[in-house]
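Hello,

Here is the structure I promised to pass on to you. Please open it next to this email and follow along as you read.

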Amino acid sequence: MTKELYKLPELKYGYADLEPYISEEQLRIHYEKHHQSYVNNVNSLLQIMDKAVEDGTEYDSKTTAKSLSFNLGGHVLHSYFWWEMTPAEKASGEPVGELYDAIKENFGTFERFKNEFTKVASSVEGSGWAAVTFCSDTKRLGIMQIEKHNVNLIPDFPIILDIDVWEHAYYLDYKNERGKFIEAFWNIVDWEEINKWFVKIYNFSME
(Lines give C-alpha, C1' and ligand atoms only; values in the text may rest on other atoms or scores of the structure.)
Protein backbone atom coordinates (compact mmCIF):
# COMPACT_ATOMS: atom_id res chain seq x y z
CA MET A 1 0.00 0.00 0.00
CA THR A 2 1.40 3.39 -1.01
CA LYS A 3 1.57 5.94 1.79
CA GLU A 4 0.17 9.31 0.80
CA LEU A 5 1.06 12.76 2.10
CA TYR A 6 -1.18 15.76 2.72
CA LYS A 7 -1.67 18.57 0.21
CA LEU A 8 -3.49 21.88 0.01
CA PRO A 9 -7.13 21.55 -1.02
CA GLU A 10 -8.05 23.39 -4.19
CA LEU A 11 -9.95 26.63 -3.72
CA LYS A 12 -13.35 26.77 -5.42
CA TYR A 13 -12.97 30.52 -6.10
CA GLY A 14 -10.25 32.87 -7.26
CA TYR A 15 -8.03 34.86 -4.90
CA ALA A 16 -9.93 38.09 -5.56
CA ASP A 17 -13.40 36.57 -5.47
CA LEU A 18 -14.03 37.13 -1.75
CA GLU A 19 -13.38 40.86 -1.95
CA PRO A 20 -14.14 43.27 -0.38
CA TYR A 21 -14.51 41.05 2.69
CA ILE A 22 -11.21 39.23 2.26
CA SER A 23 -8.68 40.84 -0.06
CA GLU A 24 -6.72 39.01 -2.72
CA GLU A 25 -3.44 39.63 -0.90
CA GLN A 26 -4.82 38.46 2.44
CA LEU A 27 -6.29 35.28 0.97
CA ARG A 28 -3.20 34.45 -1.07
CA ILE A 29 -0.81 34.81 1.87
CA HIS A 30 -3.10 32.95 4.25
CA TYR A 31 -3.58 30.04 1.84
CA GLU A 32 -0.18 29.80 0.14
CA LYS A 33 2.02 30.66 3.13
CA HIS A 34 0.27 29.84 6.39
CA HIS A 35 -1.81 26.84 5.37
CA GLN A 36 0.98 25.50 3.19
CA SER A 37 3.37 25.65 6.14
CA TYR A 38 1.09 23.38 8.20
CA VAL A 39 0.91 20.92 5.32
CA ASN A 40 4.69 20.99 4.89
CA ASN A 41 5.27 20.51 8.61
CA VAL A 42 2.91 17.58 9.01
CA ASN A 43 4.35 15.87 5.92
CA SER A 44 7.87 16.35 7.27
CA LEU A 45 6.85 14.73 10.55
CA LEU A 46 5.25 11.79 8.76
CA GLN A 47 8.42 11.28 6.75
CA ILE A 48 10.52 11.32 9.91
CA MET A 49 8.25 8.68 11.43
CA ASP A 50 8.29 6.56 8.27
CA LYS A 51 12.09 6.70 8.04
CA ALA A 52 12.45 5.67 11.66
CA VAL A 53 10.24 2.65 11.05
CA GLU A 54 12.16 1.79 7.89
CA ASP A 55 15.56 2.14 9.60
CA GLY A 56 14.50 0.58 12.87
CA THR A 57 15.51 3.71 14.79
CA GLU A 58 13.82 5.88 17.42
CA TYR A 59 12.49 9.44 17.31
CA ASP A 60 11.15 11.82 19.97
CA SER A 61 7.62 10.45 20.19
CA LYS A 62 6.27 13.05 22.62
CA THR A 63 7.49 16.08 20.69
CA THR A 64 6.50 14.58 17.35
CA ALA A 65 2.99 13.68 18.52
CA LYS A 66 2.41 17.19 19.87
CA SER A 67 3.69 18.87 16.71
CA LEU A 68 1.73 16.48 14.51
CA SER A 69 -1.49 17.31 16.37
CA PHE A 70 -0.90 21.06 16.03
CA ASN A 71 0.02 21.06 12.35
CA LEU A 72 -2.54 18.50 11.23
CA GLY A 73 -5.20 20.35 13.20
CA GLY A 74 -4.23 23.51 11.33
CA HIS A 75 -4.53 21.75 8.00
CA VAL A 76 -7.96 20.28 8.77
CA LEU A 77 -9.44 23.48 10.19
CA HIS A 78 -8.17 25.58 7.29
CA SER A 79 -9.57 23.08 4.79
CA TYR A 80 -13.04 23.56 6.29
CA PHE A 81 -12.56 27.33 6.31
CA TRP A 82 -11.76 27.61 2.59
CA TRP A 83 -14.53 25.26 1.55
CA GLU A 84 -17.30 26.97 3.52
CA MET A 85 -16.85 30.39 1.88
CA THR A 86 -18.13 31.69 -1.45
CA PRO A 87 -18.23 35.03 -3.31
CA ALA A 88 -20.77 37.38 -1.73
CA GLU A 89 -22.97 37.44 -4.81
CA LYS A 90 -23.48 33.67 -4.49
CA ALA A 91 -24.10 33.68 -0.74
CA SER A 92 -27.66 33.35 0.56
CA GLY A 93 -27.01 35.54 3.60
CA GLU A 94 -28.53 33.10 6.07
CA PRO A 95 -28.77 29.33 6.64
CA VAL A 96 -31.02 27.22 4.44
CA GLY A 97 -32.79 23.86 4.59
CA GLU A 98 -32.32 21.42 7.44
CA LEU A 99 -29.49 23.46 8.90
CA TYR A 100 -31.74 26.48 9.20
CA ASP A 101 -34.31 24.33 11.03
CA ALA A 102 -31.63 22.95 13.36
CA ILE A 103 -30.31 26.42 14.15
CA LYS A 104 -33.84 27.64 14.90
CA GLU A 105 -34.49 24.63 17.13
CA ASN A 106 -31.22 24.96 19.04
CA PHE A 107 -30.82 28.72 19.21
CA GLY A 108 -34.30 30.15 18.66
CA THR A 109 -33.32 32.45 15.80
CA PHE A 110 -30.49 32.84 13.33
CA GLU A 111 -29.66 36.23 14.84
CA ARG A 112 -29.22 34.68 18.29
CA PHE A 113 -27.01 31.93 16.82
CA LYS A 114 -24.99 34.50 14.90
CA ASN A 115 -24.50 36.63 18.02
CA GLU A 116 -23.43 33.65 20.13
CA PHE A 117 -20.99 32.41 17.50
CA THR A 118 -19.58 35.91 17.11
CA LYS A 119 -19.06 36.22 20.87
CA VAL A 120 -17.26 32.88 21.01
CA ALA A 121 -15.03 33.80 18.06
CA SER A 122 -14.32 37.28 19.42
CA SER A 123 -13.30 36.02 22.85
CA VAL A 124 -10.73 33.41 21.77
CA GLU A 125 -7.64 34.14 23.85
CA GLY A 126 -4.70 34.66 21.54
CA SER A 127 -4.85 32.47 18.44
CA GLY A 128 -7.61 30.02 17.65
CA TRP A 129 -10.93 29.22 16.08
CA ALA A 130 -14.67 29.12 16.68
CA ALA A 131 -16.60 26.18 15.28
CA VAL A 132 -20.18 24.98 15.02
CA THR A 133 -20.37 21.30 15.94
CA PHE A 134 -22.95 18.55 16.08
CA CYS A 135 -23.52 15.92 18.76
CA SER A 136 -24.81 12.67 17.26
CA ASP A 137 -26.10 11.46 20.65
CA THR A 138 -28.30 14.44 21.51
CA LYS A 139 -28.78 15.73 17.94
CA ARG A 140 -27.77 19.18 19.13
CA LEU A 141 -25.74 21.89 17.44
CA GLY A 142 -23.12 23.52 19.62
CA ILE A 143 -20.41 26.17 19.42
CA MET A 144 -16.86 25.21 20.28
CA GLN A 145 -13.95 27.54 20.99
CA ILE A 146 -10.63 26.08 19.84
CA GLU A 147 -7.33 27.44 21.06
CA LYS A 148 -4.44 27.22 18.61
CA HIS A 149 -5.46 24.29 16.36
CA ASN A 150 -5.87 21.49 18.83
CA VAL A 151 -6.82 22.70 22.33
CA ASN A 152 -10.37 22.49 23.78
CA LEU A 153 -11.61 20.29 20.95
CA ILE A 154 -14.56 18.06 21.80
CA PRO A 155 -13.61 14.57 20.58
CA ASP A 156 -15.84 13.02 17.92
CA PHE A 157 -17.95 16.15 17.39
CA PRO A 158 -17.90 16.85 13.63
CA ILE A 159 -17.39 20.44 12.53
CA ILE A 160 -20.19 22.07 10.56
CA LEU A 161 -18.69 25.56 10.23
CA ASP A 162 -15.55 27.25 11.51
CA ILE A 163 -13.77 30.61 11.41
CA ASP A 164 -10.07 31.30 11.76
CA VAL A 165 -9.42 34.11 14.23
CA TRP A 166 -5.63 33.94 14.23
CA GLU A 167 -4.37 37.41 13.32
CA HIS A 168 -2.80 36.02 10.15
CA ALA A 169 -6.36 35.46 8.87
CA TYR A 170 -7.30 39.13 8.87
CA TYR A 171 -4.45 41.47 9.82
CA LEU A 172 -3.75 42.83 6.32
CA ASP A 173 -7.41 43.79 5.87
CA TYR A 174 -8.57 44.66 9.39
CA LYS A 175 -5.35 45.16 11.40
CA ASN A 176 -6.15 44.09 14.98
CA GLU A 177 -9.92 44.56 14.68
CA ARG A 178 -11.02 40.96 14.90
CA GLY A 179 -14.66 41.95 15.31
CA LYS A 180 -14.77 43.63 11.90
CA PHE A 181 -13.36 40.51 10.27
CA ILE A 182 -15.97 38.30 11.94
CA GLU A 183 -18.72 40.68 10.85
CA ALA A 184 -17.40 40.58 7.27
CA PHE A 185 -17.21 36.77 7.32
CA TRP A 186 -21.00 36.40 7.53
CA ASN A 187 -21.30 37.94 4.03
CA ILE A 188 -19.37 35.12 2.34
CA VAL A 189 -20.64 31.97 4.05
CA ASP A 190 -21.76 29.29 1.59
CA TRP A 191 -24.87 28.16 3.46
CA GLU A 192 -26.02 25.95 0.58
CA GLU A 193 -22.90 23.76 0.74
CA ILE A 194 -22.79 23.78 4.53
CA ASN A 195 -26.40 22.58 4.63
CA LYS A 196 -25.53 19.66 2.34
CA TRP A 197 -22.68 18.73 4.67
CA PHE A 198 -24.93 19.00 7.73
CA VAL A 199 -27.54 16.72 6.15
CA LYS A 200 -24.88 14.07 5.48
CA ILE A 201 -23.64 14.23 9.07
CA TYR A 202 -27.17 14.15 10.49
CA ASN A 203 -28.24 11.21 8.35
CA PHE A 204 -25.07 9.31 9.27
CA SER A 205 -25.86 9.85 12.96
CA MET A 206 -29.27 8.24 12.43
CA GLU A 207 -27.89 5.02 11.02
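**Around Lys139**

Leaving out residues up to four places away in sequence, Lys139 touches Asn106, Phe134, Tyr202, Ser205 and Met206, where contact means heavy atoms within 4.5 Å. Before we go on, please keep in mind that this is a predicted model, in which local features need pLDDT of at least 70 and side-chain atom pairs count only at pLDDT 80 or more, while totals for chains, interfaces and linings use all residues. Residues are numbered from 1 along each chain as its sequence is written, and side-chain values use heavy atoms, with hydrogens and water left out.

Where does Lys139 sit? You will find Lys139 in the loop between strand 1 (128-135) and strand 2. Helices (H or I, at least four residues) and strands (E, at least two) are DSSP runs, numbered from the N terminus. Lys139 has a relative accessible area of 27%, so it is partly exposed; buried means under 20% relative accessible area, exposed over 50%, and partly exposed in between (1.4 Å probe, protein chains only). A polar atom of the Lys139 side chain lies 2.4 Å from the backbone oxygen of Ser136.

**Backbone angles to look at**

Most residues other than glycine have a negative phi, and most peptide bonds are trans. Lys139 has a positive phi, near 60 degrees. Lys148 also has a positive phi, near 55 degrees. Lys148 belongs to the loop between strand 2 and strand 3 and is partly exposed because its relative accessible area is 46%. The peptide bond from Glu19 to Pro20 is cis, with omega near 5 degrees, and Pro20 is in the segment before helix 1 (24-55).

**The loop between strands 2 and 3**

Is His149 buried or exposed? His149 counts as buried because its relative accessibility is 1%. This residue is in the loop between strand 2 (140-147) and strand 3 (159-164). Apart from neighbours within four places in sequence, His149 is in contact with Tyr38, Phe70, Gly73, Gly74, Leu77, His78, Trp129 and Trp166. A polar atom of the His149 side chain lies 3.1 Å from the backbone oxygen of Phe70.

Asn152 is in the loop between strand 2 and strand 3 too, and with 43% relative accessibility, Asn152 counts as partly exposed. Setting aside neighbours within four places in sequence, Asn152 is in contact with Met144, Gln145 and Glu147. The side chains of Asn152 and Glu147 make a polar contact (3.4 Å). A polar contact is a pair of N or O atoms within 3.5 Å; within protein, one must be able to donate a hydrogen and the other to accept it, and residues adjacent in sequence count only if both atoms are side-chain atoms.

**The nonpolar core**

The largest nonpolar core has 52 residues, and Met85, Phe113, Leu141, Ile160, Leu161, Ile163 and Trp191 touch the most other members. A nonpolar core is a set of buried Ala, Val, Leu, Ile, Met, Phe, Trp, Tyr and Cys residues joined through side-chain atoms within 4.5 Å. Not counting residues up to four places away in sequence, the contacts of Leu141 include Leu99, Ala102, Ile103, Phe107 and Phe198.

**Two crossing helices**

The axes of helix 3 (residues 97-107) and helix 7 (residues 191-206) come within 7 Å and cross at roughly 80 degrees. Helix 3 is therefore roughly perpendicular to helix 7. Axes are lines fitted to C-alpha atoms, for helices over the stretch in contact, and angles run from 0 to 180 degrees between N-to-C directions; 65 to 115 degrees counts as roughly perpendicular, under 35 as roughly parallel, over 145 as roughly antiparallel and the rest as oblique. Gly97, Glu98, Leu99 and Ala102 of helix 3 make the contact with Trp191, Ile194, Asn195, Phe198 and Val199 of helix 7.

Enjoy exploring!
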